[in-house]
Structure formats: C-alpha cells, structure tokens
Amino acid sequence: MALNDRLNKFKQQQERCQNTLSSIFASQTSISTSKHVPGIQPVNAPLAPIKPLHPIKFSNDTERLQHINSVRKSAVGVQIKLVVELLYKTRQSFTAKQVNEATYVDIHGNKAVFDSLRNNPKVLFDGTRFSYKPKHILTGRDELLGLIKEKECGLPVEDIKDAYPSVLEDLQALKASGDVWWLSSTQSQEDMAYFNDPRYNITVDNDLKELFLKTELPRDMLDVEKEIKKSGEKPMTNTTKRRALAQILDAAPKTKTKGSKKKQRRLTGKSKGLTNIHMPELFDA
C-alpha cells in the first residue's frame with residue numbers, strides 16, 4: 001500500500017510539472033510573436049529565437065517502480081527462484097543489499113524469503129553473503145577427473161551438472177581424450193561417468209573373442225543358476241523359491257481392508273419405492 005501511495009503522489013507531481021512547463025512555453029511564445037515596428041527591436045524581446053520545449057517523460061522510472069512492486073508482492077517461491085538464478089549464473093557471493101539491487105528482492109524486509117534462502121540446499125549463507133552451493137564443489141577439469149576416479153561405481157552426471165558453468169564441456173573433453181566413459185542407461189534413466197582406468201586396457205585374442213560370441217547362454221534363470229553351481233559358485237538368486245512364493249500370493253484370496261469398504265448409499269424418498277421392483281417373485285401370493 002505504501003508503494004502505491006508513492007506512485008500516485010509521483011504521478012500527481014508529474015502532471016503539475018508538465019502543466020508548469022506548458023504555461024512557460026506558451027508565455028514565451030506569445031512574447032516572441034508580438035507585433036513591433038520594423039527595424040526597432042522591443043526591449044523585452046529575446047535575443048535568440050526560442051526553441052520549443054519538449055515535455056519531460058518519466059515513464060522509465062514509473063515502470064521500474066511498478067516492476068519493484070510486482071517482484072516484492074510475488075510469492076516467496078518466485079522470489080527465491082530469482083535469487084537462486086542470480087547466484088547460479090554469476091557464481092559470486094552477494095550481500096542482501098546487492099541482491100536487492102540486482103533482483104529487487106528485499107531479503108531483510110521479508111522474513112519468509114530470508115528463512116527460505118538460509119535453509120535452501122542450493123544456497124550457502126555465511127552470515128553476511130549468499131552464494132550458490134552445488135552438490136560437488138569443483139573448480140575445473142582436473143578436480144572433475146579426480147572426483148570421477150574416486151567413484152568406483154560411477155558418478156551420476158546429474159550430480160555434477162551445476163558444479164561450475166563449463167562442467168559438461170569439460171566432461172565431454174575428458175570423454176574425447178579417453179580418460180572417462182560417459183554412458184547412458186535406458187533402465188536407470190540417467191547418464192553415468194566412469195573413470196577409464198588404464199590398468200584394465202588389455203588386448204584380447206581374436207580366438208577368445210570368437211569363442212565368447214559363439215557361446216550360447218541359457219535363457220531361463222533356473223538354467224543360469226545350475227551353470228553357476230557347476231562352476232562352484234553360489235547363485236545370488238533363488239528362482240525356484242521366488243516362483244513358488246509368487247504362486248502362493250496369486251492363489252491367496254484378496255481380503256478387503258477397512259479403508260477399502262465403500263459407504264452404502266442412503267435411500268432417498270424417490271428411490272425407496274423402487275427398492276425391490278427387480279424381484280417381483282418375493283411378493284407373489
């Protein structure tokens with residue numbers, strides 16, 4: 001409300017200034033066009049022709065004030081998004097005053113915004129400044145490669161997308177150089193990065209490759225488990241037990257829980273007379 005009052009007063013002041021400038025221009029124009037004797041210049045005549053005064057426009061400042069008002073009246077989530085985007089794009093630390101100057105979000109003037117930023121997992125607040133907080137804090141390609149080396153089971157690409165602005169370009173360069181494997185999986189729906197350990201770069205004979213490709217693997221899990229047992233290993237799965245349990249669950253009657261019972265519809269006056277018309281034999285004499 002206070003900002004709207006200020007805008008109304010500002011518009012009124014603008015109109016008064018415009019009226020004053022128009023009256024000044026009109027009075028000076030009437031003086032310059034007054035009749036006088038040829039060759040004799042009036043005493044109060046201007047020394048040079050008067051240029052028309054252009055009205056001063058204040059629309060730019062009005063639009064800025066309206067934008068500030070719309071930002072500060074917006075939902076807390078919208079203001080949080082503006083601040084997080086600023087921190088993400090710049091990767092710099094900002095005070096509350098600097099955030100206000102850049103986004104018009106008044107952190108100190110809105111406790112809900114301040115508490116949400118302070119508890120946001122993507123925002124780091126040191127007591128004075130706000131900065132972006134990625135899941136993995138990296139500064140360049142070497143640190144990225146070191147992190148991938150540490151993850152023996154692979155590193156989800158989603159976890160490092162926001163580490164720094166050019167992280168995906170560096171990951172692509174590491175893939176092109178052969179330092180890492182960047183693989184996509186249709187089952188997990190996410191890309192994984194693996195370290196290409198040079199210790200595992202071995203040469204395989206063509207005869208062994210051909211033998212591997214010609215070997216037909218069993219299609220049923222029971223046969224797979226039998227082959228594993230033949231080699232002296234213990235299978236991690238028990239297909240026989242799993243299938244028997246599945247048959248028991250399918251054969252068991254399904255019981256309705258209390259929450260699944262439907263409430264019976266109450267009969268209205270119109271439907272009471274129609275209750276048993278589909279069973280006339282009950283009423284035959």
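Which residues make the nonpolar surface patch of about 400 Å²? In this predicted model, local features need pLDDT of at least 70 and side-chain atom pairs count only at pLDDT 80 or more, whereas totals for chains, interfaces and linings use all residues. Residues are numbered from 1 along each chain as its sequence is written, and side-chain values use heavy atoms, with hydrogens and water left out.

The patch is made by Ile-202, Val-204, Leu-208 and Leu-211; patch residues have over 30% relative accessible area and no salt bridge, and nonpolar side chains are joined within 5 Å. Leu-211 is exposed, with a relative accessible area of 54% (exposed means over 50%, buried under 20% and partly exposed in between, with a 1.4 Å probe and protein chains only).

Four aromatic pairs are found in the whole structure, where ring centres must lie within 6.5 Å and planes under 30 degrees apart count as stacked, over 60 as edge-to-face and the rest as tilted. Phe-114 and Phe-130 pair edge-to-face, at 6.5 Å centre to centre and 90° between the planes, while Phe-125 and Phe-130, with centres 4.4 Å apart and planes at 25°, are stacked. Phe-130 is buried at 1% relative accessibility, whereas Phe-125 is partly exposed at 24%.

Terms used. Patches are made of residues with over 30% relative accessible area and no salt bridge: like charges are joined within 9 Å, nonpolar side chains (Val, Leu, Ile, Met, Phe, Trp, Tyr) within 5 Å. Accessible areas come from the Shrake-Rupley method with a 1.4 Å probe; for residues, only the protein chains shown count as cover. A salt bridge is a side-chain nitrogen of Lys or Arg within 4 Å of a carboxyl oxygen of Asp or Glu. Rings of Phe, Tyr and Trp (its six-membered ring) pair if their centres lie within 6.5 Å; planes under 30 degrees apart count as stacked, over 60 as edge-to-face and the rest as tilted.
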